[in-house]
Structures are given as C-alpha cells and as structure tokens.
Amino acid sequence: MSAYRDKESSNAEGGSDITFDLSSNELVLSPLPTVLAAIEEGLPRLARYPDPTARDLTRAIAGHLCVSADEVAVGPGSAGVLQQILLALCGRGDEVVYAWPGFDAYPLLVAISGATSVHVPLTVSGGHDLDEIRTRVNARTRVVILCSPHNPTGVVIDHGELCGFLRSLPDHVVAVIDEAYVEFHRNSDPAGMPKVLREHSNAVVLRTFSKAHGLAGLRVGYAAGPREVVATVRKTAIPFGVTRFAEQAAMLSLRSEDELRERMAAVTAARDELTADLVDMGLPVLPSRANFVWLPLASAAESFARAAATAGVKVRACPGHGVRISVGDAEAHRTLLAALGQKDRGNRL
Ligand SMILES: Cc1ncc(COP(=O)(O)O)c(C=O)c1O
C-alpha cells in the first residue's frame, strides 16, 4: 500500500512546465465573493477551535436535503467522510465492492479500514455493471460503493436501476452512493436523494463541497443516510475535522443556488464544447455528466497524457484504461487542442 498519489505533488506533476492542471476535477472558477469575504472576516479567530459538531452546517445540509440533522454527518472532504464510513462499518476479513477504474482514493481508504477491495470492471460504455456487482456481494461484503456520475467516466447510474439494485442487497450491506459530481448532472437539485434515502434503509449518499461549490482547498463534505449508520459514522471522525472556514463557506455556498446554477451551466457548456472538439479530431469521448471528460484510449492513455504534458497541460492518465480531462478555462482547452492538432475553438470560461 502506498500513500495517496505520493509520487506527485498534487498540482505539479511534470514539474514546473505544467501551466494548466486539468487532472483533479477542481472547479475552474474562483470561489464566490461572499465566501472569500467570510474567510477574511474569520481570520482573527484562527486561534480558536471550530465547533466540534459543525452543528450549523449539519442543520443547513439537512434543510437542503429535506432530511433531519441526525441523518447527516459532515467531515473533512467527502474522502474524509468515506474514510469514517469504512472505519465504522468494516474490518479485517470484510469486503468492499466497487466499479473499477474508479476514484483512486477508494482502494487506499478500504485498505486503511482493514477490509479488502473487490473491483468490478466498468461496462464498455463506462457505466456500472450492477448485475456483476450484485454477483460479487457475499456474506463478507459490508459496503458497496456506487459513484454517479462516475469518476473517471462521467457516466450516471440510471435511477430505476439504482433503486432495483438497492432493493436486491442483503441487509448486512450498506450502499454508499458517491455523488461528488451530482450538481453538474442535476444542477444542484437535491430532490431525488431524500426519496432514495427514505425508501432504502441501506443507502448512504456521499457529497462534497469540493467540486461544484469550488471549495476543494477547504476540505468539507458530508454523508446523508439512516440515523443508526450516521451515528456510527460520527464516532470515527477526527475531532474538529471541519474548520470554521469550511463550515462558513459551505453554508454560504448552499445559500447561493442561483449563482451555482449559472456556474454549472457555464462549466457544462464548456465540457460539451471540449467533447465536440475532441470528437471532431476523431478521438473517442464518452458523454459526461460531470466536470470532466473521459477518453477510453486503453494502451494509448499514457502517451496521450505525455503529449498533453509536453504542451504544459496536465491530464489524468489511467494506464491501460483511458485519460480523464477536467474542464478548464478557454486558454487551457485551446492549448490542449492545439497540442493535439485541433484548430482553435475555445469556450466561454
Ligand atoms: C468520486 C469522488 N468522490 C470523492 C472525492 C473526494 O472529494 P473531497 O474529499 O474533496 O470531498 C473525489 C475527488 O476527486 C471524487 O472524484
């Protein structure tokens, strides 16, 4: 087991020649002015610990999702919350099933919990093979992770199929539905999930402020699910894991729905332009519902990433599978497309 991406400093793989980092699915836009102002205002209180329960944010999220506060657990990024979930529910000898390739922190977080990862290959269209995932669930399975829109392909799980899958799971298994990118797909509409949570007592939804809300640097995310699971998950949290800045910024961001919607529209328009440009060049690109696109290039993935890096653009290669490119600004896209031999088209970001 090695540390998460320990061979790279997150924004500088390829050294100082990298001008555009399109490798981490960060939001290309700067933080909301209200968020920046609140952070500046909070600076004099840096000597103080934050609220250990992040009560105000927990309540705000519960209100946003139409669930109660004891059905919400917040933590340092959704990766932090997922770690809490796995530590709470899994141990040595247990198994955690998920589609692969997937978010590259999953194997690490599962290993830290002592459990074993069971990888199920994606379908050729980059989606979850729910039948195969169900087949791999057995008496040792504690958690199934479903990611929708999926990282790295951007493909979403059909709602009806998701519900059927959740109904088919045995009682000893919890399904974690990782919706890190859901706002790009559903324009921050939280309506679907409370219903899923109410109807399926074995489902936990995982969300983050890192992506659509643009707060990756502050580290704040949450899980919503059955109160017994949430109560257990809170026990594995590190004390004071959510800073006052993160709490404030997340609450402000939740209240900025109109701005968020406009931002999502701009990002998804830029994503669709980038997709069209790449397709025009004859490259295979899956239709993504997130803030990145996936090129299933198989063995050509690494050479593609190297060509992009030579032009100063860092993308994420998933060796043997494909390349994931995060939506960037117009200049980043122009540079990438020029490097790939495409004429300038640009986007509005
Ligand atoms: C699918 C998925 N889940 C969770 C995360 C973790 O996000 P964070 O810990 O910043 O909330 C990421 C980050 O890239 C992701 O791609």
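This note sets out, in numbered points, the pockets, the ligand surroundings and some backbone features of a predicted model.

1. The largest pocket. The volume of the largest pocket is about 870 Å³. Its lining is made up of 33 residues. Nearest to the centre of this pocket lie Arg 5, Glu 8, Asp 104, Arg 316 and Ala 317. A student opening the structure may begin with these five residues in order to find the pocket.

2. Elements around the largest pocket. Two helices, H4 (106–113) and H12 (301–310), each supply at least two residues of the lining. The strands E10 (313–314) and E11 (316–318) likewise each supply at least two. Which element gives the most to this lining? It is H12, with four residues.

3. By class, the lining of the largest pocket holds 18 nonpolar, four polar and 11 charged residues.

4. The space in the second largest pocket is about 670 Å³. Its lining has 36 residues, and the closest to the pocket centre are Tyr 4, Ala 79, Phe 103, Lys 211 and Arg 219. In this lining, 14 residues are nonpolar, 13 are polar and nine are charged.

5. Elements and domains around the second largest pocket. Helix H3 (77–89), helix H4 and strand E7 (203–208) each supply at least two residues of this lining. H3 gives the most, with six residues. Domain 1 (15–30 + 258–339) and domain 2 (33–254) both contribute to the lining, and therefore the second largest pocket lies between them.

6. Residues around the ligand. How many residues surround the ligand? There are 14, and the closest are Ser 78, Asp 178, Tyr 181, Thr 208 and Ser 210.

7. In Ser 78, a backbone N or O atom lies 2.6 Å from an oxygen atom of the ligand. For Thr 208, a polar side-chain atom is 2.5 Å from a ligand oxygen atom. An N or O atom in the side chain of Ser 210 lies 2.6 Å from an oxygen atom of the ligand. On its own, the ligand has 390 Å² of accessible area, and the protein covers 92% of this.

8. Cis peptide bonds. The peptide bond from Trp 100 to Pro 101 is cis, and its omega is near 5°. Pro 101 is placed in the loop between strand E3 (95–100) and H4. Another cis peptide bond runs from Ser 148 to Pro 149, with omega near -5°. The loop that holds Pro 149 is between strand E5 (141–147) and helix H6 (159–168).

9. A positive phi angle. Asn 25 is not a glycine, yet its phi is positive, at about 55°. Where is Asn 25 found? This residue is in the loop between strand E1 (20–21) and helix H1 (33–42).

Terms used:
Residues are numbered from 1 along each chain as its sequence is written. This is a predicted model: local features need pLDDT of at least 70, side-chain atom pairs count only at pLDDT 80 or more; totals for chains, interfaces and linings use all residues. Side-chain values use heavy atoms; hydrogens and water are left out. On a 1 Å grid over the protein atoms alone, a cavity is a set of points where a 1.4 Å probe fits but cannot get out, and a pocket is an open set with protein on both sides within 12 Å along at least five of seven lines; lining residues have an atom within 4 Å of a point. Grid points are joined across faces, edges and corners, and a volume is the space filled by probe spheres set on the points. Ala, Val, Leu, Ile, Met, Phe, Trp, Tyr, Cys and Pro count as nonpolar, Asp, Glu, Lys and Arg as charged, and the others, Gly among them, as polar. Domain bounds come from an automatic or database domain assignment. A residue is near a molecule or strand if one of its heavy atoms lies within 4 Å of it. A polar contact is a pair of N or O atoms within 3.5 Å; within protein, one must be able to donate a hydrogen and the other to accept it, and residues adjacent in sequence count only if both atoms are side-chain atoms. Accessible areas come from the Shrake-Rupley method with a 1.4 Å probe; for residues, only the protein chains shown count as cover.
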